[in-house]
Amino acid sequence: MTTQAGVETSTSVADARARAIEAEMTDDERFSLIISLLGAVPSIGVPRDERIPEDVANMSAGYTPGVSRLGIPAIQASDASMGVTNPGYRPDDPGATAFPASILIGASFNPKLARDGGAAIGREARSRGFNVQLAGGINLARDPRNGRSFEYYSEDPWLTAVLGAEAVNGIQGEGVISTLKHYTLNCNETNRHWLDAIIDPDAHRESDLLAFEIAIERSEPGSIMSGYNKVNGEYLSGNNHLLNEVLKDAWGYKGYVMSDWGAVPEWDCALKGLDQESGVQMDVKQWGSEAFSDQLRAAFDEGKLPKERLSDMVRRILRSLFAVGADSWGPTPEVDLEKHNEIALETARQGIVLLKNDDALPLPTDKPLKIAVIGGYAQLGVPSGTGSGAVMPVGGFADVIKIGGVGVMGSLRNLFLFAPSPLAELKKALPDAEIDFDPGYTPAEAALTAKRSDIVIAFAIRVEGEAFDNADLSLPWGQDATIEAVAEANPNTIVVLETGNPVVMPWQNNVKAIVQAWYPGQAGAQAIAEVLTGAVNPSGRLPITFPASLEQTPRPVLPGMGTPWGTPTTIEYNEGAEVGYRWFAKTDAKPLYAFGHGLSYTTFSYSDLVIDEGDTLAATFTLTNTGDRPGADVPQLYLSEAAGDKRMRLLGFERVELKPGESRLVTLTADRRLLARYDGDAGQWHIAEGTYKIAVGKAADELELTGETTLSDALFGS
Ligand code: BGC
């Protein structure tokens with residue numbers, strides 16, 4: 001492990017080298033380093049840009065020529081957080097490990113899995129010659145309609161930051177730069193290029209920005225990707241306040257800011273903090289020109305872009321390459337696909353959430369049951385989210401069903417299915433059972449199969465992804481009606497949801513068990529079968545609140561929804577920092593399932609809370625497995641009231657594995673910023689003197705131990 005001092009040394013060496021090498025560069029070389037080119041995608045008609053040398057075969061989302069005389073490697077960037085993607089850049093690429101969706105990693109509450117997955121992705125990226133992985137999606141899942149929630153970890157800044165940082169650490173440990181993206185408040189996809197996200201700046205610091213701030217501290221990502229949207233009227237790629245004043249000045253961020261693809265309206269973004277324009281051909285489509293090519297060069301020649309700023313842009317890129325060692329790769333690392341599959345499998349096991357269980361699960365494995373598996377293409381595979389983050393697994397998809405839609409991402413909007421199928425895995429796990437499959441083609445037909453079975457397992461899926469928000473919280477293709485019908489035909493119905501967001505469940509009371517499997521990745525079917533049969537004791541916890549209806553959320557109606565692609569749209573995030581469970585606490589609303597909720601086949605008890613306070617507070621308590629199976633619990637520490645102000649904040653969590661009867665002393669310590677408010681006038685965090693009430697709970701609405709302490713007034717940070 002590198003020590004903190006070691007990190008400092010390696011980054012200051014990187015800074016010094018970047019400074020020395022940049023000084024040797026010509027202006028042409030400098031300008032060539034601050035743009036990246038989208039690779040060719042012959043299958044969808046994206047041509048090869050002539051600036052990409054002929055001998056570059058491993059195309060991807062970004063290519064920047066290196067400067068070989070100075071030892072600067074070409075910069076080759078690939079998507080994304082759930083594996084190395086290939087939407088057609090490399091016809092001969094056999095495929096990569098398709099890890100579970102980030103929201104499932106969020107549900108595991110397990111930073112180690114984020115790190116292991118990151119390291120595996122880093123190795124697979126590097127083995128293809130990619131030295132930048134466009135991973136680290138850490139927008140807060142603010143809206144259950146957001147098409148990209150599956151690419152993010154959670155609705156909570158602390159959970160998101162801890163997991164996002166570990167994913168970056170895993171990737172960067174392999175000598176590959178990782179991004180954190182999409183900076184910031186890119187929390188809905190509707191009209192994303194024309195979206196103005198309005199938020200109170202202090203509340204922004206306590207929510208989405210706090211996730212970035214903490215994740216940056218814990219992982220030093222080489223790059224931050226700015227989002228497509230505006231915040232408070234300014235496009236992110238040219239948002240002086242958020243890029244220069246907050247990211248670079250207040251937080252001292254040393255890496256480089258790259259734009260999202262097609263997100264740079266004009267050259268002066270360079271003055272406002274953007275260091276590299278990505279996928280410049282997309283900017284030509286979106287804005288009519290490449291901002292950082294001729295336009296920026298002209299601005300430089302006219303003295304509008306200071307030489308020092310150009311040098312700073314280049315140095316930031318270089319230091320990030322040097323800091324992770326991307327310029328000094330040794331031999332290509334061995335990629336152990338079996339080991340990576342194990343990581344994907346273990347992640348899915350830990351991130352699947354048992355939402356409801358009326359003694360229906362685990363399924364008895366020793367009885368010759370007649371089981372009906374219904375719907376969700378469960379005979380073919382498990383779904384993935386769509387868009388730039390979708391990974392093609394080794395051997396290809398089990399099937400691809402075209403969905404389509406408006407805009408450039410419409411052609412990538414597909415139902416991607418990963419083999420093996422849940423049906424096959426259930427047959428393996430239950431060799432004595434007789435299993436019938438019904439596609440759920442009509443409710444009536446599915447009910448016939450359900451009626452003649454002992455148990456029904458209904459799979460329900462939804463295609464969610466980039467550039468599209470979900471119109472509401474229901475399941476598509478009449479699946480709700482099918483579940484209603486099978487549950488009526490057979491009360492022993494279990495529902496497995498494979499979605500990237502919460503859905504409403506009109507059939508909730510009519511089914512015996514509900515399992516949230518998210519998009520569980522290439523090993524997901526096995527993990528689902530193991531959870532259903534009890535080979536794995538479920539331990540996932542919801543990283544996002546499941547509302548009972550959109551009426552409970554801050555925006556029952558999503559602005560811009562239904563308008564033509566390209567309509568200027570303003571979303572006022574009036575909930576401010578009170579995102580998700582914080583909003584439910586503030587409005588006293590009862591969700592369908594609360595943040596943090598998740599059942600187990602064993603039971604846990606909490607006792608003996610002791611609070612220590614100093615600069616911050618720490619809670620110590622005893623956690624006991626009171627049931628008869630080994631299992632993992634995720635105790636959560638919440639702030640519920642701060643100096644007279646009702647305020648819900650997740651302060652800490654830990655996933656703890658316990659044998660039956662075993663107890664463990666757990667200590668959770670709060671980051672001080674989670675106890676504070678951001679005071680924009682002072683430019684600091686402020687803990688007001690007073691009583692702080694905390695609770696240790698199983699979920700945001702299931703608080704088991706409560707206590708309080710007094711904190712003194714404090715102003716700190718920046
Ligand atoms: C997405 C990014 C992605 C980029 C490159 C954009 O459409 O928003 O997340 O990294 O494309 O493919």
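In which sense do strands β17 and β18 pair, and over how many bridges? Strand β17 (residues 493-498) pairs with β18 in the parallel sense, over four bridges.

The structure is a predicted model, in which local features need pLDDT of at least 70 and side-chain atom pairs count only at pLDDT 80 or more, while totals for chains, interfaces and linings use all residues. Residues are numbered from 1 along each chain as its sequence is written, and side-chain values use heavy atoms, with hydrogens and water left out.

**View 1. Strand β18 and its two partners.** Helices (H or I, at least four residues) and strands (E, at least two) are DSSP runs, numbered from the N terminus; two strands pair if DSSP finds at least two bridges between them. Strand β10 (residues 353-357) runs antiparallel to β18 and is joined to β18 by four bridges. Ile 514 of β18 is the bridge partner of Lys 356, and Val 495 also stands opposite Ile 514. Strand β18 (residues 513-516) is covered on both faces, with Ala 513 and Val 515 buried on one side and Ile 514 and Gln 516 buried on the other. Buried denotes under 20% relative accessible area, exposed over 50%, and partly exposed the range in between (1.4 Å probe, protein chains only).

**View 2. A four-stranded open sheet.** The strand order is β8-β7-β5-β19, with mixed pairing. Strands β8 (234-235) and β19 (569-572) stand at the edges; each has a single partner strand, so one side of each is left without a neighbour in the sheet. Two bridges join β7 (residues 230-231) to β8 in the antiparallel sense, and Lys 230 has Tyr 235 of β8 as its bridge partner.

**View 3. The largest nonpolar core.** A nonpolar core is a set of buried Ala, Val, Leu, Ile, Met, Phe, Trp, Tyr and Cys residues joined through side-chain atoms within 4.5 Å. The largest one has 129 residues, and Tyr 183 and Phe 292 have the most contacts inside it. Contact means heavy atoms within 4.5 Å. Not counting residues up to four places away in sequence, Tyr 183 touches residues including Leu 209, Phe 212, Leu 243 and Trp 251. Another core, of 83 residues, lies apart from it; Ile 103, Ala 372, Ala 527 and Leu 532 are among its members.

**View 4. The crossing of helices α12 and α16.** The axes of α12 (residues 337-351) and α16 (residues 524-533) come within 8 Å and cross at roughly 40°. This angle makes α12 oblique to α16. On the α12 side the contact is made by Leu 345, Ala 348 and Arg 349, and on the α16 side by Gly 524, Gln 526, Ala 527, Glu 530 and Val 531. Axes are lines fitted to C-alpha atoms, for helices over the stretch in contact, and angles run from 0 to 180 degrees between N-to-C directions; those under 35 degrees count as roughly parallel, over 145 as roughly antiparallel, 65 to 115 as roughly perpendicular, and the rest as oblique.

**View 5. Backbone details.** The peptide bond from Lys 181 to His 182 is cis, with omega near -10°; His 182 belongs to strand β4 (residues 177-183). A cis bond also leads from Ala 419 to Pro 420, with omega near 0°, and Pro 420 lies in the loop between β14 (414-418) and α13 (422-429). Ala 467, a residue other than glycine, has a positive phi near 80° and counts as buried at 8% relative accessibility.
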